[in-house]
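Biologist: I'd like a close look at one part of this model, the place where the two chains meet. Could you walk me through it?

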Amino acid sequence: MKNKEEAQRRVDRIQAFREELNDLEEQKVLRLSPEQKDSARNFHKTLIADLTRQFDTDLTEAEKKLTGEMKVLTFLGGTALCSSVFFFFYRMWGLIPVPGQILLLVSAPILFLLLMEFFAKREKTLYYATLAGMLAFLCFVLNLTVLGSIFNIAPSPNAFLAWGLLAVIIAYNKSQRLLLTVGLLCILGYLAAKLGSIGGVFWFACFERPENFILAGGIMIALPVAVKRLGVMGFACIYHLIGLLSMFISILVLSFVGNSSYLDINEAIIEGGYQLAGFILSGLTIWIGIRNKLGGVQNIGVTFFTLYLYMKFFDWWWELLPIYLFFLLVSLITIGLLALFKRLRANMREAI
Amino acid sequence: MKRYGLATAIGLVLIVNIFVFSGVVYNRSGDPDSIIVLTEREARLIPGSKDNTGMFLELDWELAGFYQYDIHRPQQSWLDGNKLEELGFDVSFPLNDTKASKFYRRSLPMEAYIVLEYGGKPWELWLKKNLDYQKTLAEKFALENDNTKKEALEKNLKQRKRLPLAKSRLFAIDAGNEPTQLRRKYPVRDRFIIVRGKIELTYYSGSYKHDKNKRKKPYLEGSIRELFSSKLFVPDSERTLILNLKYRSYLSYYWIPKDYSDAQLKPRYEVELKFGKRYEAWISNIKPLQPEAQS
C-alpha cells in the first residue's frame, strides 16, 4: 500500500466482503468450508493488523466518524494556534531588537519544519505533524510580511509564489491536502497577479480582470497533466478543483459584469459570450469527468452547469413571471432533467 | 519528494530569505539616491496599539496645488491627461463622447515613480494661495448675514491662519516610468525624493452637480493612491525619543482641533530618511527638535 487512502480502501473492502459473505451464508447461496473460512479470517486479521499499524486505518463506521471529527479539530486547532502565533509576534516584536526579530522570523519556519519531522517519525496519524506543518507555513508568511515592513520593501506578488511553494513541498512530503490547497491558491494568486501586471499595471488590480484567473486556472489544471508526478497520492483532483473553480467563478462574474473584461467591445456581447462559454465549458467538464472517471471534476461541471442554467432562468423569467410560477417552472425543468438522466442511466446499464 | 522534502523546504526558506536580504543590501549599498531630513509634519507617528508594538512613521504628502473646502481643486493638477498618457494610460477616447465615462472607468491603476519635493516652489505657492483664500473668506465673512454661515466662515478662516504651522511641506510634483530620467530632471537629492507608487485615472464629466472641482467641462485627472515607501519602520535604535510621544490625531490638509495651542502644532522631532537604489526608504536618524528651531 502506498498511502493511507489505499490502505483504508482495502480495509473497507475486507469489511464489505465479510458482511456480504455472512449474508450469502444466511441465504444459503454460498457456504465456505471451516478451513477456508479460518484461512481467510486469519489472512485478513494479519493484513488488517499490519495496515492499522502502518497507516492507522479505521475499522468501523464509528472510528471513521471520529477520525473525521479529529481532522476538523486539527484544522480548527491549527488555525487558532496559527492566529495565536501571528498575533503574539505582533504584540512582542517592538520589544525585540531588529537582529533578534530577523533571527526569530527566519528560524521559526525552520524550527517548525524540524518539529513536523519529529512528530511524523513518532506518530502514524500525523495530526501533530499537520499542526506543525501549518505553523511552519504561517511562520513563513509572517517571515516575509514582517521583513517587508521592517525594510520597507515594496509589495510584490512574488511572496505568494514563495508561500505557495513551501506549502506544496510540505503537502507532498506529508500527504497534506489542506496545505496543498492553500499552496495552490497562493500559486494561483501569483499567476493571476503576474498576468495582470503585464504592461505596468499595478499587480493587485488583477482582481479587476477575471480573465487573469481563467488563464491561471487553466495553467493549474494543466500542471498535473504536464507533470504526471504532481498527481500522486490523489492530489491531481485538488489541482482540478482549484483550476476549475477559478475558471468557472471568473466566467460567472464576466457573464454578469462584462465591463470587467479585457475585451473592449459591447458589454452585452461579452456577457452573452461568456454565458455561452460557461455552458460549453461545464458540459465539456462533465464529459471529461465521466470519460476519465474523475468524480470530482464531473461534480464541479454539474454544479456550475446547473448554476449557469438557473441564473439564465432568473435572467429570462424573474421579471416576467409571478414568483410562484417562476419556481414552479424551474422545478418542472429540474424534474424533467432528472427523468432524462434516469433514462440515460438505464440506457448505459443496458449497454453494459 | 518524501525523501528530500524536509531539506527542500528548509532550503526554500533559506534561499528566499537570502534573496530578500540581498535586495535590502543592494538597496542600501553605495550612495543613497537621496538623503532628506523631514520633521514630524512630514513624517507622522502612526498610532500604535497594545496588539502591535511595532512603531512606524508615515509620510504625509499631497499633490502639488491647493485644496479648498468648498471647491476641491480649482486648477488642474500636473497629473493631467498628457502626463497620464506618458505614464502608459490609454487616454485616446474623446472626452466629450457620451461613452467616455464608461471607457475611462475601465482604466486600471499603474505603477510609476513619483517625485516628492520638500518645501521649495510648491510650498511657497501653497502659502500664497492660502493667504489669498484667507482674504476671500474674510470678504465673504464681512458680507454674510446668516449667523450659521458666518460661524462656519470664521472657523474656516481660523483654520487657514493656523495651518501653515502644522501642514506638511512635502508635495508630489511629477511622475514617470524611468527613475534615472526623473533624477536627471530633479538632481537636488536632499530636496527631491523619488518613490514608487500607484496612480489611478479618473474621468470627470464636468457636470456641475457632481464635480467637486467645478470645472464645467470634461477632463481627466490622475490621483496618486499609494506610495509604496510611505510607511517607515522605526528601528529600535531610534525608538527611544518617540516612544513616549503622544499621537497627534489631527491634520488632514484643512482641519486642526481648536483646543490645540500653537506650541502643540510645532513638530517635536526631525527624521533623516535615506532612499536607496530600489527607492525604498529607511530611517537613519531621529532627533528631537528644540522649540526655537521651528520654521
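How many salt bridges are counted between chain A and chain B?

Modeller: The count between chain A and chain B is two salt bridges, where a salt bridge is a side-chain nitrogen of Lys or Arg within 4 Å of a carboxyl oxygen of Asp or Glu. Before going on, some ground rules: this is a predicted model, so local features need pLDDT of at least 70 and side-chain atom pairs count only at pLDDT 80 or more, while totals for chains, interfaces and linings use all residues. Residues are numbered from 1 along each chain as its sequence is written, chains are lettered from A and ligands numbered from 1 in the order in which they are written, and side-chain values use heavy atoms, with hydrogens and water left out.

A salt bridge to look at is A:Glu267 with B:Lys102, whose closest N and O atoms are 3.4 Å apart. Over all chains, the count comes to 26 salt bridges.

Now the interface as a whole. Here 52 residues of chain A are in contact with 43 residues of chain B, contact being heavy atoms within 4.5 Å. Buried area is the accessible area (1.4 Å probe) that two parts lose on being put together, summed over both. Between chain A and chain B that comes to about 4200 Å², with carbon and sulfur atoms giving 63% of it. On chain A, the trio of A:Asn152, A:Ile169 and A:Phe202 supplies 16% of what that chain buries against chain B, more than any other three residues.

For polar contacts, the rule wants a pair of N or O atoms within 3.5 Å; within protein, one must be able to donate a hydrogen and the other to accept it, and residues adjacent in sequence count only if both atoms are side-chain atoms. It finds 18 such residue pairs across the interface, both partners at pLDDT 80 or more. On the side of chain A that touches chain B, two or more residues come from each of helix 3 (61-92), helix 4 (98-122), helix 5 and helix 6. Helix 4 of chain A gives the largest share, nine residues. By class, that side has 33 nonpolar, eleven polar and eight charged residues. Helices (H or I, at least four residues) and strands (E, at least two) are DSSP runs numbered from the N terminus. Ala, Val, Leu, Ile, Met, Phe, Trp, Tyr, Cys and Pro count as nonpolar, Asp, Glu, Lys and Arg as charged, and the others, Gly among them, as polar.

On a 1 Å grid over the protein atoms alone, a cavity is a set of points where a 1.4 Å probe fits but cannot get out, and a pocket is an open set with protein on both sides within 12 Å along at least five of seven lines; lining residues have an atom within 4 Å of a point. Grid points are joined across faces, edges and corners, and a volume is the space filled by probe spheres set on the points. The largest pocket has a volume of about 1100 Å³. Among its 35 lining residues, A:Gly148, A:Ile153, A:Ala154, A:Pro155 and A:Ser156 are the closest to its centre. Helix 5 (127-150) and helix 6 (158-174) of chain A, plus helix 1 (5-28) and strand 8 (219-227) of chain B, each supply at least two lining residues. Helix 6 of chain A has the largest share, seven residues. The lining divides into 21 nonpolar, nine polar and five charged residues.
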